[in-house]
Amino acid sequence: MTDDQADGSGAETSDGSGDQGSRPERHEATTVHVTRGPRNSLQHWLEARSFVRVCLNYVVIVLARIAPSLRLKSWLLRRIGVTVGEGVSWGLESTPDVFWPELVTVEDHAIIGYDVTLLCHEFLQEEYRTGEVVVGERAMIGAGAIVLPGVEVGAGAQVAANSLVTEDVPPDATVAGVPAEEV
């Protein structure tokens, strides 16, 4: 797959079944990319993304992680495709996905805490999955939390520190734990 096929072109996709009008489960909101051969899917990453693109993303993310200016962080991350709303606050060491940053959306006035990781991919044995991560308006993600691919954190929602977010968080809800559950 080429860099331009990050939208999942030519990849097997999940069926997306579920209740009409509701968002599908996380795995249904991801695209499955099958890899062949005896090696695990991470060994095939160069077939999925350009080496140069991933290196550029990495350098920009490292700069954004350590930059003290919130405006500079947002400006840098926009350069690699992250959708960043107005007034977003990125904590030091926070990390959007290095392989598919264009699948990350952080809406207006959201807070991404210290050392948060927003993952838009997961490499498995025979396949890898990609999915959008959306952090809603005025949502807050606590320090050290990890958000997995295909997850939407609703507007005004709060994710406690060190939580693992494996499914959508409803608007204005508070979740905590591993995996994160509503409290």
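Residues are numbered from 1 along each chain as its sequence is written, and side-chain values use heavy atoms, with hydrogens and water left out. Because the model is predicted, local features need pLDDT of at least 70 and side-chain atom pairs count only at pLDDT 80 or more, while totals for chains, interfaces and linings use all residues.

The protein has 3 helices and 17 strands, taken as DSSP runs numbered from the N terminus (helices are H or I, at least four residues; strands are E, at least two). Of its 183 residues, 42% are buried; buried means under 20% relative accessible area, exposed over 50%, and partly exposed in between, with a 1.4 Å probe and protein chains only. The accessible surface is about 9,400 Å², and carbon and sulfur atoms account for 52% of that area. Such areas come from the Shrake-Rupley method with a 1.4 Å probe, and for residues only the protein chains shown count as cover. Among contacts (heavy atoms within 4.5 Å) between residues at least 6 apart in sequence, 38% join residues at least 24 apart.

Strands of a sheet pair through backbone hydrogen bonds, either parallel or antiparallel. Strand β10 (residues 133-135) pairs with β13 over 2 bridges in the parallel sense, and V135 has V153 in β13 as its bridge partner.

There are 5 salt bridges in the structure, each a side-chain nitrogen of Lys or Arg within 4 Å of a carboxyl oxygen of Asp or Glu. In one of them, R49 and E102 have their closest N and O atoms 3.3 Å apart. R49 lies in the loop between α1 (45-48) and α2 (51-66), and E102 in the loop between β4 (95-96) and β5 (104-106), so this pair ties together parts that are 53 residues apart in sequence. R49 is buried because its relative accessibility is 4%, whereas E102, at 31%, is partly exposed.

R129 forms a salt bridge with E122 at 3.5 Å between the closest N and O atoms, and another with E127 at 3.0 Å, N to O. Both R129 and E122 are buried. R65, E93 and D115 are linked in a network of salt bridges.

Turning to the cysteines, C55 is partly exposed at 34% relative accessibility, and C120 is buried at 0%. The model has 0 disulfides, a disulfide being a pair of cysteine sulfur atoms within 2.5 Å.

Notes
Pairing = 2+ DSSP bridges.
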